[in-house]
Structure formats: C-alpha cells, structure tokens
Amino acid sequence: MEEGQEFALTQMRKSVEKLGSSAEMYGDPTLVRFLIARSMDPDKAAKMFVQCQKWRAKMVPSGFISESEVPDELEGRKVFLQGLCKDKYPLLIIQGRKHFPPKDQNQFKKFVVHLLDKTIASAIKERERGNEKLIGILDLQHITYKNIDARGLITGFQFLQAYYPERLAKCYLVHMPQFFVAVWRLVSRFLEKATLEKIVIVSSEEERREFVREIGEEILPEEYGGRAKLVPLQDAPLQNAPANCNSL
C-alpha cells in the first residue's frame with residue numbers, strides 16, 4: 001500500500017469516529033473504495049461511508065433482502081446472474097423488455113439492493129475482501145414505450161453511486177433503439193462523471209466484438225454472442241458466500 005493511501009485510510013477512520021460511527025469491522029479494501037469515490041479526501045469519504053451505514057441500517061435492517069420481500073420483481077425473470085467473466089467479475093444482465101414501471105416503488109428499491117448484494121456476494125471467495133466489482137449488461141432489445149422507466153434507471157445508478165461506490169467495473173448498453181436515446185440523455189443528467197465513464201453503448205460490429213472479447217464467450221449467453229445459457233437471478237447459486245454478506 002502506498003504511503004499516501006495509508007495516511008488517507010488512517011485519517012478516514014478517525015473522521016468516521018468523529019461522526020459518531022466506526023469502521024472497525026471493515027477492511028482497508030472497503031474503505032479505499034469510498035476514498036476513490038471521493039477523490040481520496042478522507043473527510044468526504046468518511047461522510048459517505050457513514051451515510052451508507054445509516055442507509056443500510058434503515059433499508060436492510062436484517063442484513064439482506066430475501067426473495068420473499070421482492071416477489072413481484074422476481075416474477076418477471078428479467079435479471080440474470082451469469083457467474084464470473086474473464087476479469088473475475090460477476091456478470092449481471094437485465095432485459096429491459098421484461099421490465100415495467102413498478103407500482104410498488106419500495107419493493108423495487110429493495111429489489112435493486114437484493115440483486116446488487118447477491119451479485120457482489122457471488123464474487124466473494126471464502127471471505128469478504130471488500131473490493132469486489134461487477135459488470136452489467138442492460139439489454140434494450142425489443143423494448144417498447146411500456147417498458148420505459150427512467151425513474152427506475154436513475155434509482156439503480158444512484159444506488160450504485162451512493163451506496164455501492166466503486167462496485168461497478170463496467171456497464172454495457174446493447175440493442176439500444178433510437179427512441180431510447182432521449183431517455184438515456186435524461187438519465188445521464190443524474191449520473192456522476194465517474195459512472196458515465198464506465199458505461200459503454202454497444203452499437204457497431206467492432207464494439208460488439210470487443211464486448212464479447214472483454215467478457216468472454218464462456219460466460220456470455222448465446223443471445224449476446226457467447227456460449228452460455230441465461231441463468232435467472234433466483235436460480236443462480238451462491239457457492240462462495242452467503243447472500244447476507246456485508247455489502248458496504
């Protein structure tokens with residue numbers, strides 16, 4: 001660890017204590033993510049960390065969101081968890097044509113937490129390290145205006161930014177129809193620069209080949225140029241870690 005990073009970690013831990021909380025149960029890799037998200041500013045990182053702790057205590061009081069809490073969202077079988085790609089990041093796929101704006105916003109928010117927590121847990125080997133990332137694919141093929149949910153997209157990305165800092169390695173948008181461009185421009189206004197830099201819109205054949213090469217044919221489903229089968233989120237096993245792992 002670099003001397004500057006070690007100093008920033010020490011200062012961040014002190015700042016967390018000054019804010020009336022504790023980072024004692026968290027390893028350096030977890031805290032480093034918050035530091036990176038706040039440009040290595042210990043005080044800002046500490047504030048973000050404490051806010052995240054408070055949010056999880058309120059949103060996930062039992063430590064995890066069970067499938068029984070999000071039945072309507074799981075019923076659509078619109079989210080898939082494919083295992084680890086070439087860079088050892090879990091691959092999460094969302095098929096937009098199976099999503100409809102939710103009537104129950106609270107259940108939708110819990111579903112976002114459920115899918116992110118389970119995806120992160122699937123990357124953990126033996127014990128939590130705290131620096132696990134994920135790769136996402138948002139498939140917009142065959143979507144109609146009935147599937148448009150700008151609010152839901154904004155919620156998902158804002159959760160990643162505020163409560164899962166530096167968990168997103170890359171997000172691919174595939175099969176984007178022309179009418180969705182205006183929607184994406186609206187959503188983009190709510191995203192931080194660091195998040196936008198991790199989003200790739202796959203539109204050309206060259207970009208598609210690079211997309212397949214980066215993820216790996218072994219893990220990428222056939223629908224996207226790979227050789228694997230789609231695995232619905234609720235059917236994906238967690239062999240390495242429990243679903244209620246600490247996801248800060």
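**Why these labels? Questions on a predicted model**

Reader: What makes W55 count as buried?

Author: Its relative accessibility is 12%. Buried means under 20%, so W55 counts as buried. Keep in mind that this is a predicted model.

Reader: Where in the chain are W55 and Y163, and how many residues apart?

Author: W55 sits in helix α3, residues 42-59. Y163 belongs to helix α6. They are 108 residues apart, and the pair links distant parts of the chain.

Reader: Why is the pair of W55 and Y163 called stacked?

Author: The ring centres are 3.9 Å apart and the planes stand at 0 degrees. Pairing needs centres within 6.5 Å, and stacking needs planes under 30 degrees apart. The pair is therefore stacked.

Reader: Why is the pair of W55 and Y164 called edge-to-face?

Author: Here the centres are 6.4 Å apart, within the 6.5 Å limit. The planes are at 80 degrees. Over 60 counts as edge-to-face, so the pair of W55 and Y164 gets that name.

Reader: What does the pair of W55 and Y164 tie together?

Author: W55 lies in helix α3, while Y164 lies in the loop between α6 and β4. The pair therefore ties together parts that are 109 residues apart in sequence. Both W55 and Y164 are buried.

Reader: Which residues form one aromatic cluster with W55?

Author: F159, Y163 and Y164. A search of the whole structure finds nine aromatic pairs.

Reader: What makes α6 largely enclosed by the rest of the structure?

Author: The count of buried residues. Ten of its 14 residues are buried, so α6 is largely enclosed. Among them are G152, L153, G156 and F159.

Reader: Where does α6 meet the largest cavity, and which other elements give two or more residues to the lining?

Author: The cavity is lined by 28 residues, with I94, L138, G152, L153 and G156 nearest its centre. Besides α6 (150-163), the elements giving two or more residues are β2 (90-95), α5 (105-121), β3 (134-139) and β4 (168-174). The cavity holds about 520 Å³ of space. Its lining divides into 20 nonpolar, six polar and two charged residues.

Reader: How many charged residues are in the lining of the largest pocket?

Author: Six, beside three nonpolar and three polar ones. Residues of that lining include D72, E73, K78, K98, K103 and D104. About 250 Å³ of space lies in this pocket.

Reader: How do you know whether F211 is buried or exposed?

Author: Its relative accessible area is 2%. The limit for buried is under 20%, so F211 is buried. F211 lies in helix α9, residues 205-215.

Reader: Which residues is F211 in contact with, leaving aside neighbours within four places in sequence?

Author: I137, Y172, V174, V202, L220 and Y224.

Reader: What makes K44 buried or exposed?

Author: Its relative accessibility is 52%. Exposed means over 50%, so K44 counts as exposed. K44 is found in helix α3.

Reader: How many residues apart in sequence are K44 and M12?

Author: They are 32 residues apart in sequence. In space, C-alpha to C-alpha, K44 and M12 are 8.5 Å apart.

Terms used:
Residues are numbered from 1 along each chain as its sequence is written. This is a predicted model: local features need pLDDT of at least 70, side-chain atom pairs count only at pLDDT 80 or more; totals for chains, interfaces and linings use all residues. Side-chain values use heavy atoms; hydrogens and water are left out. On a 1 Å grid over the protein atoms alone, a cavity is a set of points where a 1.4 Å probe fits but cannot get out, and a pocket is an open set with protein on both sides within 12 Å along at least five of seven lines; lining residues have an atom within 4 Å of a point. Grid points are joined across faces, edges and corners, and a volume is the space filled by probe spheres set on the points. Ala, Val, Leu, Ile, Met, Phe, Trp, Tyr, Cys and Pro count as nonpolar, Asp, Glu, Lys and Arg as charged, and the others, Gly among them, as polar. Helices (H or I, at least four residues) and strands (E, at least two) are DSSP runs, numbered from the N terminus. Rings of Phe, Tyr and Trp (its six-membered ring) pair if their centres lie within 6.5 Å; planes under 30 degrees apart count as stacked, over 60 as edge-to-face and the rest as tilted. Buried means under 20% relative accessible area, exposed over 50%, partly exposed in between (1.4 Å probe, protein chains only). Contact means heavy atoms within 4.5 Å.
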